[in-house]
Amino acid sequence: MGTARWNPSDWTSYAKSTARKTTDTVFASRGMDKDLDPLGVVMRESRDSDLNPASTAIVVGLDVTGSMGMIADALARKGLGTMVEEILARKPVSDPHILCAGIGDVLYDRAPLQVTQFEADIRIARQLEKIWLEKGGGGNSCESYTLPWYFAALHTSIDCFEKRGKKGYLFTVGDEEPPRDLPAKAIARFIGDRPQRDFSSHELLTMVSRMYHVFHVIVEEGSHARRDPHGVRSRWVDLLGQRVIGLSDHTKLAEVIVSAIEVNEGRDRDRVAKSWSSWQTALVVQRAVGGLTPSPSSVAGVVRF
Amino acid sequence: MHLNKTARVVIGAQFGDEGKGRLTAHHVMEIGDDAIVVRFNGGAQAGHTVVAPDGRRHVFSHVGSGALAGAATYLSRFFVANPILFLKELDLLAAKDVTPTVYVDPVSPVTTPYDMMINQIVERERGAGRHGSCGIGFGETLERNLDGRFALTVADLVDPSILTNRLDAIRREYAPARLTGLGVAHTFEANAALFRSDAILEHYVEDARRFLDATITAEARAAIRDRPLVFEGAQGLLLDQDRGCFPHVTRSNTGLRNVLALADELGLERLDVTYVTRAYLTRHGAGPLPRERPKKPYPGIVDTTNVPNEHQGTLRFAWLDLDLLGRALHEDLSDAAIYPALTVNAGLAITCLDQLDGEAARYYRGGIQHRSSLETFVAAATEAVGLDRPLLGFGPSGELMPCG
């Protein structure tokens with residue numbers, strides 16, 4: 001027998017003596033911050049200004065449920081911040097205004113949607129820290145990725161579209177399947193509207209696509225996507241067609257989203273992929289945006305998939 | 001340059017606690033601090049006590065038993081690394097002014113906190129039916145590494161984000177499934193606070209980095225080639241996974257098998273193997289113990305290493321059965337036939353002879369208990385195992401005496 005002993009009680013001190021800040025202390029939230037609560041929000045606005053005369057709205061919703069596990073932490077803590085910095089640095093569109101959302105499951109979570117304001121600079125990082133990582137989700141194989149669609153369609157007002165007829169961008173990021181529908185009850189409970197009936201995901205997509213280019217990023221490292229990669233992908237493709245992006249390395253989320261926007265804006269796919277300095281990034285991006293083609297028309301009102 | 005084509009090998013012939021550490025240190029002192037001690041089975045559950053001539057004492061678990069004498073350690077791919085316990089041991093050694101050089105094969109399996117938790121939970125659940133495990137997750141590590149989705153090797157510790165994801169998958173998906181498979185599904189929820197603790201996970205990621213900082217993984221195998229090697233076995237032949245009494249065994253080959261594979265890869269030509277036994281038989285933990293005695297067989301037995309723990313209980317004693325010893329050695333040596341290019345010379349070492357404290361030696365041979373003088377006992381032992389010129393050990397730090 002050895003001296004190497006480890007008693008169950010040792011875990012307590014082991015957990016306490018962590019050198020770095022833990023996820024729990026970085027995201028101290030024990031509930032949804034009221035600034036991020038969509039309930040009763042009339043409009044989140046993205047307005048042109050002297051500094052940002054030609055603003056473009058970008059919404060990024062991140063799955064923060066349990067199946068995403070530590071990836072949710074990594075993305076929320078670092079990934080979203082990097083993404084905002086990259087978008088601001090590369091400016092794939094003019095004067096980006098970014099709104100971030102946390103996505104959960106309307107059936108199981110207390111806060112299935114959390115939304116920041118539209119921000120034009122890195123100040124958004126402070127709002128990201130407020131996102132509550134509920135780590136919920138449930139036994140169904142989908143998360144409520146369409147809740148931010150509903151919110152964006154009816155509760156955002158964006159100058160790029162309203163003044164200049166140019167669509168904004170909406171990305172959802174997660175590892176599970178899209179839900180079939182969004183119950184009216186859930187909309188009432190979490191957003192405060194009183195719709196007459198449930199919405200199917202196709203209906204919601206049509207609604208949100210009026211103002212936004214809609215994409216979904218599958219986090220392939222997430223536990224659900226790893227268990228059933230083909231099922232997840234095919235259900236998203238049924239809904240979104242080519243605008244489904246496979247993300248093989250979650251640390252490259254920023255690069256992949258920026259590249260997807262660039263390709264959609266008409267830049268050459270291969271050139272976009274090669275523009276990233278490390279070959280690893282180029283490879284991940286190449287794989288992710290390989291199926292995308294430029295938007296056929298950036299004129300408002302055209303919805304084509 | 002002189003090429004070392006010969007290596008020394010130390011193998012326990014019982015259930016562990018034979019004195020392998022002491023014999024390894026003895027070899028290293030003969031060779032010099034150029035020696036490298038190779039761990040070829042087991043993991044951090046080993047506890048090899050060495051007392052240096054200057055009085056420093058250490059119980060080696062991860063680090064090879066030659067470290068007090070300045071020898072480096074090579075953790076081969078047959079060794080299961082446990083970063084948490086490795087760092088604990090480094091701290092203990094640092095307090096004794098020892099900073100060991102440790103090489104690690106990057107493909108070596110690595111224990112996670114979750115393997116340790118599962119091991120402890122299951123052993124607790126077994127109650128009186130426990131298998132005698134140390135509770136540090138050694139066997140659980142090997143079990144988990146069979147599944148590529150959850151396998152973890154030293155090379156996987158390099159990228160903290162990959163490591164974090166792997167650990168997260170292990171605690172979320174593997175752990176509940178494994179506990180269910182073991183028939184104790186309810187224990188996952190009962191211990192949910194441990195599995196869900198991000199603090200434990202993050203501390204471990206930090207420990208993984210410290211483990212890599214404290215060891216040499218790059219070109220480790222090349223670094224030990226042609227250096228004088230001492231292969232240090234852990235546990236003993238009677239705990240071998242294939243030859244011991246299942247389920248009260250350890251999940252490794254405790255004998256020559258792994259040594260032969262490594263020696264073959266390293267291009268060695270000769271192995272000088274010493275099988276070590278105490279003058280009596282001991283066992284720590286549950287499982288059969290032939291010729292068991294209710295109390296210490298000899299008055300002089302003092303053991304400060306084997307203090308009782310929750311998982312293994314106290315040390316148990318028995319008379320030595322020479323036929324059992326001979327059979328174990330014979331079976332183990334039969335593995336050498338697979339490698340005809342290797343010459344294997346075997347010898348026997350008997351330790352703890354001082355503990356007879358002047359009493360007559362007692363042992364079993366041919367199913368009958370014998371009482372004899374120490375000399376007659378040694379002669380009977382060498383005859384029973386068919387090896388002559390045994391090494392005899394008296395006392396914790398005393399020199400080993402060759403015996404004609």
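The paragraphs below go through a predicted model, beginning with a sheet in chain A and ending with the cores of chain B. Because this is a prediction, local features need pLDDT of at least 70 and side-chain atom pairs count only at pLDDT 80 or more, while totals for chains, interfaces and linings use all residues. Residues are numbered from 1 along each chain as its sequence is written, chains are lettered from A and ligands numbered from 1 in the order in which they are written, and side-chain values use heavy atoms, with hydrogens and water left out.

In chain A, 6 strands form an open sheet in the order 4-3-2-6-9-10, with mixed pairing. Here strands (E, at least two residues) and helices (H or I, at least four residues) are DSSP runs numbered from the N terminus, and two strands pair if DSSP finds at least two bridges between them. Strand 4 (113-115) and strand 10 (244-247) of chain A are the edge strands, each pairing on one side only. From one strand to the next, the twist averages 20 degrees.

Within this sheet, strand 2 (residues 56-63) and strand 6 (residues 168-174) of chain A run parallel and are joined by 5 bridges, and A:V59 stands opposite A:L170 of strand 6. Strand 6 of chain A also pairs in the parallel sense with strand 9 of chain A, over 7 bridges, and there the bridge partner of A:Y169 is A:H213. Strand 9 of chain A is in turn joined by 4 bridges to strand 10 of chain A, the two running parallel, with A:I218 opposite A:G246.

Helix 5 (residues 146-155) of chain A lies across strand 3 (96-103), strand 4, strand 6 and strand 9 (212-219) of chain A, and runs at about 160 degrees to strand 6 of chain A. Such angles run from 0 to 180 degrees between N-to-C directions, with axes as lines fitted to C-alpha atoms, for helices over the stretch in contact, where contact means heavy atoms within 4.5 Å.

In chain B, helix 1 (residues 20-31) is mostly covered, with 9 of its 12 residues buried, among them B:L23, B:A25 and B:V28. Just after helix 1 of chain B, B:G32 takes a positive phi of about 110 degrees. Chain B also has an open sheet of 3 strands in the order 9-11-10, with antiparallel pairing. Strand 9 and strand 11 (residues 315-318) of chain B pair over 4 bridges, and B:T282 stands opposite B:F317.

Finally, a nonpolar core is a set of buried Ala, Val, Leu, Ile, Met, Phe, Trp, Tyr and Cys residues joined through side-chain atoms within 4.5 Å. The largest has 60 residues, of which B:F231, B:L271 and B:F377 touch the most other members. Not counting residues up to four places away in sequence, B:F377 touches residues including B:L320, B:I350 and B:Y363.

Methods. Buried < 20%, exposed > 50% of the residue type's maximum accessible area, 1.4 Å probe, protein only.
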